[in-house]
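Me: I would like to learn how to read a protein model. Could you take me through the features one at a time?

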Amino acid sequence: MRWLLLKDLQILRRSPLQVVLLIAYPVLIALLIGFAISREPGNPRVAFLNEVPPGARVATGAGDRLPAIGVHDRVCRQVECVDVSSRAEAEAKVRDGDVLAALILPADLIDRLNSLGTLDPETPQVDVIVNEEDPLKARVVDDRIDALLARANLFIAKQIAGEGGRYLNLVVEGGHFSVLGTKVEILGLRATASTLESLRPSVPAAKQPALDRVIRFATLARDNLDVAAPLIDRLAQPIEVEKQSVSAPTPPLDVFAVAVAATLTLTFVTLLLVAGSLALEREENTFPRLTGGLVSRSALLGEKVGLGIAVGLIVTLLMLGGVELFVGLDWSRFGLWLIAILAGAAGLGAAGAALGAAARDVRSVSLLAFMISLPVALLSLVPSGAVGATLYDVIRVIAAAFPFKPALQAMTAALDSAGPGIGGPLLHLAILVVAYLALARLALRRFASV
Amino acid sequence: MQARGLVKKYGAREALRGVDFAAQPGELVGVIGPNGAGKTTLLSILAGTVKADEGKVSSPNGEVGWVPQQAALYRRLTVEENLLLFARLEKRAEPRKAVEEMLELTGLAERRGDVVARLSGGNQQRINIAIGLLGQPVTLLLDEPSVGLDPRQRARLWEFVSGLADGGTTVIFSTHDIQEAERYGQRLLVLADGEGLFDGSAEELREAVRGETPEAAGSDFETAFVAFLQHRGH
């Protein structure tokens with residue numbers, strides 16, 4: 001078997017393009033994945049025009065004014081602002097593609113916000129100019145603007161609720177209040193009730209029932225308005241999220257991305273190499289000569305899968321080494337990486353052998369391997385709930401019948417301790433190895449007779 | 001090498017219908033017949049790469065070397081790498097020495113480092129035959145060895161093969177080229193529709209035709225051969 005292995009390596013050496021692709025592909029994938037997951041998502045460029053007069057402030061119902069909201073600073077923390085001086089300039093920048101969108105705060109924005117506290121409220125409105133030249137960009141723009149406005153609305157609601165709560169607290173607890181620069185003392189309901197209690201003995205008995213009613217009102221108001229402040233605060237963000245997961249803890253996104261990239265690399269390298277080198281025996285007409293007494297069919301299959309495992313291991317480790325430049329990997333788990341890569345490569349190699357035994361030549365088997373592995377790999381990444389239950393069941397069956405998903409699960413488990421263990425995926429892969437090798441053995445009979 | 005009552009079916013089609021055959025050491029036997037006669041099937045069964053449905057093949061004197069019609073070698077390896085690989089797979093005690101012998105025999109020692117894909121069809125066929133000889137076979141089976149070769153290449157090939165037979169190797173070859181079969185085959189086996197119609201020398205076949213269609217027997221061997229087949233309904 002070692003001489004056949006040597007022969008396949010010699011053939012690989014004679015195919016510089018194939019070797020370059022084998023090395024360049026994982027390195028390129030490693031660089032792309034590493035670059036993508038090691039960078040924060042970039043802020044979109046947005047043209048910003050503030051037409052609100054400089055002195056405008058949002059007024060409260062008590063006649064006071066809220067602290068400055070600092071709209072410019074808040075918006076520009078979330079996007080890269082490009083200040084413009086007119087609507088025409090904003091439109092031009094959007095049209096030319098200099099910016100993703102333009103955000104314009106109209107001059108009447110504060111007046112409309114202030115109207116919310118009156119009997120004649122108007123809807124505050126900001127103007128947005130976009131250039132939705134393609135559906136993908138349109139989606140991105142819509143999502144960004146929705147997120148921006150949601151944050152702005154939440155901030156304003158919190159400011160108003162906080163301010164309302166502060167005044168309510170003043171009414172209950174008492175304190176000082178400034179009117180036109182003059183400090184006014186507010187007694188507060190709590191102090192009012194105590195003061196009236198202390199005065200009660202000195203009030204004539206005939207007037208005490210009326211005083212009692214006032215004291216009861218002050219006490220009730222104090223006690224009930226105590227709970228009003230937290231209620232107002234809740235209005236700013238009525239629903240809080242408390243997340244509970246029914247699955248095991250998942251690994252961080254960057255680790256999962258590395259696992260996906262490594263498994264994709266392993267899939268293409270191993271599957272294509274094993275399928276191609278087996279089909280080559282048919283293309284070169286050497287299969288009958290080899291199996292006519294020189295090697296057994298099982299030994300030939302073993303050699304091809306062994307070749308796939310060896311090259312898959314080297315290329316995947318190379319790819320992980322490249323990713324390490326961008327993302328810190330836990331090298332103390334290296335032993336588990338090896339197990340996951342070897343098991344995954346064995347499963348994918350066995351599948352490649354079955355494909356190679358079914359095809360007539362290297363080109364058609366390469367095409368077949370791509371046509372099968374790419375959609376299956378994509379299907380394996382479809383999360384539950386993303387499609388209907390029946391369709392998802394079909395996807396699960398397809399994904400389970402191909403080694404990509406268990407190889408990905410094994411790789412994820414090997415790279416990070418979070419999530420399910422590596423045992424299940426390894427068992428799954430072992431079953432697939434046996435099944436695919438049996439299929440390949442069966443297909444080789446046809447291979448020999450055609 | 002002996003074969004008795006060989007039958008092979010591909011579905012409903014019978015490729016061989018009870019063919020008997022024998023070849024002696026150092027004999028050069030040509031298997032001829034029209035397309036679909038069963039020539040390749042017979043040689044594949046003798047080589048052991050295809051199993052007969054019925055009948056028995058015995059080769060008591062040792063190894064059988066198989067040279068398929070299409071060169072069965074790795075075109076991206078060099079001449080030497082191909083020979084070395086198969087010498088090792090044949091478990092030759094001294095594979096490098098065996099390679100040198102084959103390079104000498106084929107006259108391709110100077111092209112040992114050339115990738116096979118760059119060799120001419122004739123030279124590829126010589127390597128193909130040399131690989132078949134690496135197992136030191138007593139019997140060499142050649143399936144249409146001269147297909148695609150020009151006359152000069154064909155002459156060199158047959159000179160090479162005749163040399164092997166002179167050295168004691170039994171050579172059984174199939175061919176479509178009737179003149180070639182007459183020239184190089186010491187004995188001819190004629191197959192048609194899976195049946196063995198004739199087993200003897202070219203002169204014996206011509207004699208058989210002379211009794212059936214005298215005018216054809218006086219003509220060239222190919223004309224005599226066609227008349228022989230037509231007289232038997234093929």
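Reply: Let us start with handedness: a crossing of two helices is left-handed if the near helix is turned anticlockwise from the far one by less than a right angle, and right-handed if clockwise. Please keep in mind that this is a predicted model, where local features need pLDDT of at least 70, side-chain atom pairs count only at pLDDT 80 or more, and totals for chains, interfaces and linings use all residues. Residues are numbered from 1 along each chain as its sequence is written, while chains are lettered from A and ligands numbered from 1 in the order in which they are written.

Me: How many helices and strands does chain A have?
Reply: Helices (H or I, at least four residues) and strands (E, at least two) are DSSP runs, numbered from the N terminus. Chain A has 16 helices and 6 strands, and chain B has 9 helices and 9 strands.

Me: In what way do H9(A) and H15(A) cross?
Reply: Two packed helices are described by the angle between their axes and the distance between the axes. Axes are lines fitted to C-alpha atoms, for helices over the stretch in contact, and angles run from 0 to 180 degrees between N-to-C directions. Here the axes of H9(A) and H15(A) (residues 404–415) come within 9 Å and cross at roughly 135°. Angles under 35 degrees count as roughly parallel, over 145 as roughly antiparallel, 65 to 115 as roughly perpendicular and the rest as oblique. H9(A) and H15(A) are therefore oblique to each other, and H9(A) passes H15(A) in a right-handed crossing.

Me: Which angle do H4(B) and H5(B) make?
Reply: In chain B, H4(B) (residues 121–133) and H5(B) (residues 151–166) pack at about 15°, their axes 9 Å apart. That makes H4(B) roughly parallel to H5(B). This crossing is right-handed too, as H4(B) passes H5(B).

Me: What share of chain A is buried?
Reply: A residue is buried if 20 or more other C-beta atoms lie within 10 Å of its own, exposed if 12 or fewer, and partly exposed in between, with C-beta atoms placed from the backbone. Of the 450 residues in chain A, 30% count as buried; in chain B, with 234 residues, the figure is 44%.

Me: Why does Leu16(B) count as buried?
Reply: Leu16(B) counts as buried because 26 C-beta neighbours are inside 10 Å. You can find Leu16(B) in strand E2 (residues 13–22) of chain B. Two residues are in contact if their C-beta atoms, placed from the backbone, lie within 7 Å. Leaving aside neighbours within four places in sequence, the contacts of Leu16(B) include Leu6(B), Thr41(B) and Gly194(B).

Me: Which residues have the most contacts inside the largest nonpolar core?
Reply: A nonpolar core is a set of buried Ala, Val, Leu, Ile, Met, Phe, Trp, Tyr and Cys residues joined through C-beta atoms within 7 Å. The largest one has 138 residues, and among those with the most contacts inside it are Ala275(A) and Leu46(B). Helix H9 (residues 253–283) of chain A gives this core its largest share, 18 residues. A second, separate core has 14 residues, including Val46(A) and Val79(A).

Me: How many residues of chain B are in contact with chain A?
Reply: In this model, 19 residues of chain B are in contact with 15 residues of chain A. On the chain B side, the largest share, 4 residues, comes from helix H2 (residues 79–89) of chain B.
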